[in-house]
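Here is a short report on the structure shown below. It goes through selected residues, helices, strands, domains and contacts in turn.

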Amino acid sequence: MTASSPLLRVANVTVRFGGLSAVADVSFDVRPGELLGLIGPNGAGKTTLMRSITGVVRPTEGSVSLQGEDITALPIHKRIQKGLALSQQLVKPFRQISVLDNVALAAGAQHTHSPLRALTRLARQNENAAARELLERVGIAGYADQMPGIQPLGVLKRMEMARALALNPKLLLLDEPLAGLNSKEANALASTIAQINQQGMTIVLIEHNLSEVMRICQRLVVLDNGRKIASGAPREVMEQPEVRAAYLGDAATAAEAEPATEGEHHA
Amino acid sequence: MAYEISLLTAMSISVLFALSLNLITGLCGQISLGHAAFLGIGAYTSALLCKAGLPFFATLPLAMLVAGLVGVVVGLTSLRVRDDFLAITTMGVVFLFVGIVRQQDWLGGEMGISNIPVSGLSKTGFMLLALGLAAATAIFCVYLKKSWMGRVFNGIAEDEDTMRVLSIDVPRYKLAAFAIGTALAGLAGALYGQHFKYIGPDSFGFIESITVLSMVVFGGIGSVPGVIVGAALLSALPAWFQVIGDYKLLVYGGLLFLMMRFSPMGLAGIVRSLLKRKAPEASPAAQGVEP
C-alpha cells in the first residue's frame with residue numbers, strides 16, 4: 001500500500017484567520033483506493049482543512065497537490081474539473097429540479113465547461129441514464145423523479161453523494177455525511193460509502209460518528225486544535241493517549257482551552 | 001390603423017427589451033436595476049451611426065456589439081458583488097450613463113438626438129421587423145432555457161456556491177448572461193431610436209430601468225411567455241387608458257409591490273398554481289414544492 005504514489009498530498013498546510021490558526025502545519029497523504037477518515041473533536045479544524053483542499057479557503061502556508069500537480073492556487077471549479085468532488089456537510093439540493101436532474105446536472109459537467117458548448121447542446125438522455133445508474137448505486141433510484149424539497153435528510157445525503165460521484169472524480173471528499181441521521185440510517189449510509197470505496201473510489205471521510213468511522217475506514221488522520229496529533233490504522237490511533245485526551249477533553253467541553261497536557265507525542 | 005401599427009411596434013420593442021432583462025435577472029438570477037442604460041447605448045450607437053451615413057440595418061449588429069461589450073464590463077462587477085450590492089451597483093450604471101450623455105455635446109447633451117435618418121422600411125415593414133426580432137428573441141430564450149446553458153443559469157440563480165462545487169465556472173456564465181442580455185437590450189435600443197426618431201438622456205434613466213423590471217416581475221421572473229404578456233400589457237396600458245398614462249409610475253410601482261407581496265412568480269406563477277389546482281393528480285411529485 002505504501003508503494004503507490006499519493007493521489008492527494010496535503011503538505012504543511014496552515015490556515016490563519018486573523019491571529020487564530022484554524023489549521024497549523026498539517027500534512028498527510030491520501031493513497032489511491034483508500035478510505036481515509038479525517039476525525040477530531042469539534043473545532044479541531046477538519047472543515048477548514050477540507051475547505052483548503054476544495055479551494056473555499058486559501059491556505060496561508062503550505063500546498064495541496066492532486067496526482068503530483070499543485071492545485072493550491074486554483075479556484076474551486078478548476079479543482080473539481082481536475083478530479084476532486086465534494087459532498088457538503090449541509091445538503092444543498094437545487095430545489096426547483098428533480099432529484100434525477102440534480103444528479104444529471106453534475107453528470108453533464110463535460111458539456112458545461114464552456115458556456116458556448118452548453119448553449120449548443122440540448123440532448124440529455126446520456127446524462128439522465130448515468131444519473132439513474134448513480135441513484136441506483138446509492139440506493140435511492142425510487143426517488144429519481146421526485147422534487148428534493150420534500151425528501152427526508154437521508155435521501156438528500158445520498159442524492160448529494162450521487163451528485164458528487166456524477167462528476168466522475170478521482171477523489172471523493174465527504175464532509176460529515178452521517179450527521180443528522182439516526183443510527184440505523186447512519187449505519188446504512190456508512191455501508192454504502194464502504195461499498196463505493198470497494199468499487200474503486202478513493203474517499204476522504206470527515207465524520208463525527210466514531211463507531212462508523214472505526215467500522216469502515218482503513219486509516220485515520222486525527223486533528224485537534226488545528227494540529228495533526230495522530231495518523232494510522234484506526235485501532236492503533238484510538239489507543240494513543242493524546243487522541244483519547246482530545247476526545248475526553250471535548251466531552252468535558254474544555255477542548256478549546258486546554259490542549260492535551262501530555263501532548264508531546266507525534267504520529 | 002397607423003396608431004395600431006405604432007402601438008404594436010412599441011409593444012414589440014418593450015417585449016424584446018423585457019426578454020433581454022429576463023435573461024440576466026430571470027434565467028441567471030443576477031439583479032439589474034440599470035438595464036435601461038443598455039437600451040440607451042444601443043439607441044445612441046444606432047442613431048449616431050445612422051447620422052454618420054450607415055444604413056439602419058448595418059447599425060443593428062453594431063448596437064448589439066457596443067451594448068454587449070459594456071455589458072461585459074458591468075458584468076465583471078457582478079463577479080465581485082451579489083444580490084443587494086449588485087442591485088445598487090447596476091443602479092449606479094444607469095445614473096452614470098445618463099450623467100455622461102448629458103455632458104457630451106457629440107451625444108446631443110440634454111437635447112438628445114433628433115431627426116434620426118429613416119430605415120427605408122414602411123411603418124408596417126418596421127412593425128414586422130420589430131415583431132420578428134421580438135419573436136426570434138423569445139424563441140432563442142425558450143431554446144436557451146432548454147439547453148445546458150439554461151440548466152446552469154438556473155443553478156447559478158438558485159445557489160452559485162454549489163454550482164462551483166459541481167465544476168461550473170460561475171464567472172464565465174455570469175458574463176455570458178450579461179453579454180447576451182445587454183446585447184439584446186442594445187438591439188431593442190436601436191429599434192427604439194428608429195421608432196421614435198428622437199432619443200434623449202431621459203429616455204434611458206432609472207425610471208425606464210424600473211419600468212422594464214416591473215414588466216418582468218409582473219409577467220413572472222424567468223418565464224418567457226409570462227414576460228412577453230407582462231411587457232406587452234404594461235407597455236400598451238398607458239396608451240389605452242389615459243389615466244394609467246398619467247399615473248404610470250404609481251401603477252407600475254403598485255403592480256411591482258402587489259406582485260412581490262402576493263405572487264412573487266408573477267402572472268406565470270398565478271397561471272401555474274391555477275393549472276396545478278385543476279389537475280392535482282397530474283403531478284403529485286410537484287406538490288408542496290415552491291413553484
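## A buried histidine in chain B

This is a predicted model. B:His195 counts as buried, because it has 20 C-beta neighbours inside 10 Å and the cut-off for burial is 20 or more. B:His195 is part of helix α7 of chain B.

Which residues does B:His195 touch, not counting residues up to four places away in sequence? They are B:Thr9, B:Ala10, B:Ile13 and B:Phe126. B:Ser119 is 76 residues from B:His195 in sequence. In space, the two are 9.5 Å apart, C-alpha to C-alpha.

## The largest nonpolar core

The largest nonpolar core holds 168 residues. A:Val103, A:Leu205 and B:Leu187 have the most contacts inside it. Helix α7 of chain B (residues 170–196) gives the most to this core: 15 residues. Both domain 1 (1–83 + 169–267) and domain 2 (97–167) of chain A give residues to the core, so it lies between them. In soluble globular proteins, nonpolar side chains tend to be buried together.

Take A:Val103 in more detail. Residues up to four places away in sequence are not counted here.

## Helix α8 of chain B

Helix α8 of chain B covers residues 206–219, 14 residues in total. From its first C-alpha to its last it reaches 20 Å, close to the 20 Å expected at 1.5 Å a residue. B:Gly220 follows α8(B) and has a positive phi, near 130 degrees.

Why is α8(B) described as largely enclosed by the rest of the structure? The reason is that 11 of its 14 residues are buried. Among them are B:Glu208, B:Ser209, B:Thr211 and B:Val212. B:Phe218 and B:Gly219 are also buried. The cover over the buried residues of α8(B) includes α1 (2–27), α2 (36–51) and α4 (83–103) of chain B. It also includes α9 (224–240), α11 (248–262) and α12 (266–278) of chain B.

## Where the chains meet

The contact takes 28 residues from chain A and 27 residues from chain B. On the side of chain B that touches chain A, α5 (123–146), α6 (148–165) and α7 each supply at least two residues. α6(B) gives the most to that side, with 11 residues. By class, the side of chain B that touches chain A has 13 nonpolar, 6 polar and 8 charged residues.

## The two domains of chain A

Contact between them involves 9 residues of domain 1 and 10 residues of domain 2.

Which helix gives the largest share of the side of domain 1 that touches domain 2 of chain A? Helix α7 of chain A (residues 183–198) does, with 3 residues. That side of domain 1 divides into 6 nonpolar, 2 polar and 1 charged.

## Strands and a hairpin in chain A

An open sheet of 4 strands in chain A has the order β2-β1-β4-β5, with antiparallel pairing. β2 (20–30) and β5 (69–70) stand at the edges. Each has a single partner strand, so one side of each is left without a neighbour in the sheet. β1(A), residues 8–17, pairs with β2(A) over 7 bridges, in the antiparallel sense. A:Val10 has A:Phe28 in β2(A) as its bridge partner.

Elsewhere, β9 (residues 219–224) and β10 (residues 227–232) of chain A run antiparallel, joined by 5 bridges. A:Val222 stands opposite A:Ala230 in β10(A). β9(A) and β10(A) form a hairpin with 2 residues between them. A:Asn225, in the turn, has a positive phi of about 50 degrees.

## A buried leucine in chain A

A:Leu36 is found in strand β3 of chain A, residues 35–39. Is A:Leu36 buried or exposed? A:Leu36 counts as buried, because it has 23 C-beta neighbours inside 10 Å.

Leaving aside neighbours within four places in sequence, the contacts of A:Leu36 are A:Val30, A:Val204, A:Leu205, A:Cys217, A:Arg219 and A:Val221. One of these, A:Leu205, is among the residues with the most contacts inside the largest nonpolar core. A:Thr72 lies 36 residues from A:Leu36 in sequence, and the two are 21 Å apart in space, C-alpha to C-alpha.

Methods
Residues numbered from 1 in each chain as written. Chains lettered and ligands numbered in written order. Predicted model: local features only at pLDDT ≥ 70, side-chain atom pairs only at ≥ 80, totals over all residues. Core = buried A, V, L, I, M, F, W, Y, C linked by C-beta atoms within 7 Å. Buried ≥ 20, exposed ≤ 12 C-beta atoms within 10 Å, placed from the backbone. Domains from an automatic or database assignment. Contact = placed C-beta atoms within 7 Å. Expected span 1.5 Å × (residues − 1). Nonpolar A, V, L, I, M, F, W, Y, C, P; charged D, E, K, R; others polar. Pairing = 2+ DSSP bridges.
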